[in-house]
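Here are a few notes to read with the model open beside you. Take them one at a time and find each residue as you go.

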Amino acid sequence: ESVLCNRNILAFHLLAEISNREVRSTDDVFKWYSRSLAALQQHALTEQDCNDLIKELDELEMIIRREGSSLMQISNLGKVSAWLYYSPYDVHAWYRNFGTLFSQDSRIDNHAIAWAFGDIPGFDWGYIPRNMEHDCSDFARIMGQRNIKVSQSAPFCVATLKCLENEDTKNNLFGIPMRALKYDALRMANAISLIDSMYSHWNKSDFWITLPYRVKYGVTDELVPFCRLPGIGGKRAKKLWDLGMRSLLDIAKTSNTRKLTTIFQPARVQRLQAAAKKIVRADAQNAA
């Protein structure tokens, strides 16, 4: 069965064809669709369906249509979807959510970040499992006090919160979505970073650097730089902090070598210091 029978998938593939300039008008849509497996299986695309889908992509700010013209082109927001293989509905949800998060009167804490990151249509199972209802209701109540409505993607919002608060995935009701989020956190943050730089211009580049490490390792902002080192997760980052390290530059300093050997083997310290120096140099070059 052709996947184009799914409206969400059809919307993404149509957007990709607009991005590739294979589709520029409604007529092009039908020519493209006529060559698909869906058409071969006699799943018709009506003119009303086509117009509704194009209108929806326009309302999602995925495409640009000039007044009085049937031609359309992809927007910078749409490019994020097409380039990174994310649903246009998810990309627009991130654009909307983080736009709300970065508004002047918004409170930015773990709950708010978890909602903005996790409340997207792609995370909607269509229902909330009974054993998750209590946590999801509590989360929805807290966000409701901020005039933010939580969708049925609530399990992933709660899972994001638990990741940020460094809860263990083992024997956790939310372990499955937590593992999925940790696995894909960097790619998701890259997508939202592109939304920022290409379309919304929130100017939060530092936020997108720290966010995936916070989700993956459950660390606070000050521990994120240590997690950029190979083999350093949340627990070891905390050990480095407790040892008095406050930056990658501290780790790179030869004067701290002896101190580092109190928690790592000498050979490991040598590799960590080499990696820290490399990252510090790269950051300095990028800043320049």
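Helices here are DSSP runs (H or I) of at least four residues, numbered from the N terminus. Keep in mind that this is a predicted model.

1. Start at the end of helix α11, which covers residues 205–217.

2. Now look at how α11 sits. Its buried residues are Phe207, Trp208, Thr210, Leu211, Pro212, Arg214 and Val215. They pack against α6 (88–101), α7 (110–118), α9 (154–164), α10 (175–200) and α12 (224–227).

3. Next, the inside. The largest nonpolar core has 68 residues, and Leu14, Trp94, Phe98 and Phe139 are the ones with the most contacts inside it.

4. Most residues other than glycine have a negative phi. Tyrosine 85 isn't a glycine, yet its phi is positive, near 60°. You'll find tyrosine 85 in the loop between α5 (76–84) and α6. Is tyrosine 85 buried or exposed? Its relative accessible area is 62%, so it counts as exposed, the cut-off being over 50%.

5. Asparagine 166 is another one to check: not a glycine, but with a positive phi of about 60°. This asparagine 166 belongs to the loop between α9 and α10. With a relative accessible area of 47%, asparagine 166 is partly exposed.

Methods:
Residues numbered from 1 in each chain as written. Predicted model: local features only at pLDDT ≥ 70, side-chain atom pairs only at ≥ 80, totals over all residues. Heavy atoms only, no water. Core = buried A, V, L, I, M, F, W, Y, C linked by side-chain atoms within 4.5 Å. Buried < 20%, exposed > 50% of the residue type's maximum accessible area, 1.4 Å probe, protein only. Helix = DSSP H or I, 4+ residues; strand = E, 2+ residues; numbered from the N terminus. Contact = heavy atoms within 4.5 Å.
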